[in-house]
Amino acid sequence: VVTVDRNLRVEFSNPEARWLLGVEGLDEGDALPEPWPGFSLRDFATELFEAEAPVSEARVEIGDERAYSIVGIPAPAPMQQAILVLTDVSERERRERAEREFVANAAHELRTPLTTIRGAVDALQAGAKEVPRDRERFLDHIDRESARLSRLAYALLALARAQTGQQALQLRPVKLQELLQDVVAGVQPQAGVELRVLCSPSVVVLTDRDLAQQAFFNLVQNAASHTHEGRITIRAVTHGDVAEIEVEDTGPGIAPEERVRIFDRFFRGNGRSPHGFGLGLAIVQQAVRALSGTVEIESAPGRGTTARVTLPAVAVQKVS
């Protein structure tokens, strides 16, 4: 909150206002500052002293990161003070933008399996069902993509409930090699790109299988989308009671300024597919956290990318 007189001299300001205005000291009698290029706070305040001036509102955006709401309350006669109420609405704006974009991003996550199922049904109706070999192939597509849709729906629901504390995850010993093989079975790398899994059958993690599978699928699918030559390697080892899983690719890599935001919800890096780095990697981070693990990204332009995940490990004999 800031109050100013007709000469736009500050009569009062609280610490929050000084922080938002970016000034360390804003004492009584100081001139109202102009903190933001492209918006004149002094012009806004001047209008509050006009005859029968209404309550005014304005919104200021500072780049893509900050947004401020300003409400101006005019000076009532006979007083000669106007009040400025400044609010940092950056977080609210981000939440609202995320909510607006959620449907589009979720639709993208669902589009690929739905398109595959629709194509398989069309092919069967067009006559493929009369050819046993083709019929089995398209039915296999439908079965695989239906399972993928179920996993995604479960992962989103389980993740939301885990984050809000509504439901505890069902953690059980899971053979990691089998889980990773199921992941790569659903990923189609680009032509000429090798996709391999290096994991001992003895590696066992304590996890929620469907949520973990969705997280690793998102990582491997992301690597496959951006690797045009070379290989994608998924390796897993144990260090005591921790399993470390790496998804390493020979893709173009990620610039440092993009890497720091790679797990932000709905963030897409420059030069990337408009559908990349959206919901998928945000789910990875939140899922791994819910599973008591960690995830980090190592990458540099021209040197590929490595996603490293840790999960709690257990002894193989505990698997039922």
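The expected span of a helix is 1.5 Å times one less than its number of residues. Helices (H or I, at least four residues) and strands (E, at least two) are DSSP runs, numbered from the N terminus.

The model is predicted: local features need pLDDT of at least 70, side-chain atom pairs count only at pLDDT 80 or more, and totals for chains, interfaces and linings use all residues. Residues are numbered from 1 along each chain as its sequence is written, and side-chain values use heavy atoms, with hydrogens and water left out.

**Exercise 1. Helix α6**

Find what span helix α6 should have, and state how many of its residues are buried.

Solution. 
- Step 1. Helix α6 covers residues 209–226, which is 18 residues.
- Step 2. At 1.5 Å a residue, helix α6 should span 26 Å.
- Step 3. Buried means under 20% relative accessible area, exposed over 50%, and partly exposed in between (1.4 Å probe, protein chains only).
- Step 4. Of the 18 residues in α6, 14 are buried, so the helix is mostly covered by this definition.

**Exercise 2. Salt bridges**

Solution. 
- Step 1. A salt bridge is a side-chain nitrogen of Lys or Arg within 4 Å of a carboxyl oxygen of Asp or Glu. Side chains of opposite charge can pair when their charged atoms come close.
- Step 2. This rule gives 13 salt bridges.
- Step 3. Arg-66 lies in strand β4 (residues 66–73) and Asp-88 in strand β5, so the bridge ties together parts that are 22 residues apart in sequence. Arg-66 is partly exposed because its relative accessibility is 30%, and Asp-88 is partly exposed at 26%.
- Step 4. An α-helix has 3.6 residues a turn, so residues three or four places apart point the same way. Arg-148 and Glu-145 are both buried.
- Step 5. Asp-182 is partly exposed at 39%; Arg-209 is partly exposed at 28%.
- Step 6. A network of salt bridges links Arg-235, Glu-246, Glu-248, Glu-296, Glu-298 and Arg-308.

**Exercise 3. Positive phi**

Describe the places of Leu-8 and Glu-52, and decide whether each is buried or exposed.

Solution. 
- Step 1. Leu-8 is not a glycine, yet its phi is positive, about 60 degrees.
- Step 2. Leu-8 sits in the loop between β1 (2–4) and β2 (10–13). Its relative accessible area is 7%, so Leu-8 is buried.
- Step 3. Glu-52, also a residue other than glycine, has a positive phi near 55 degrees.
- Step 4. Glu-52 belongs to the loop between α2 (41–46) and β3 (56–62). With 82% relative accessibility, Glu-52 counts as exposed.
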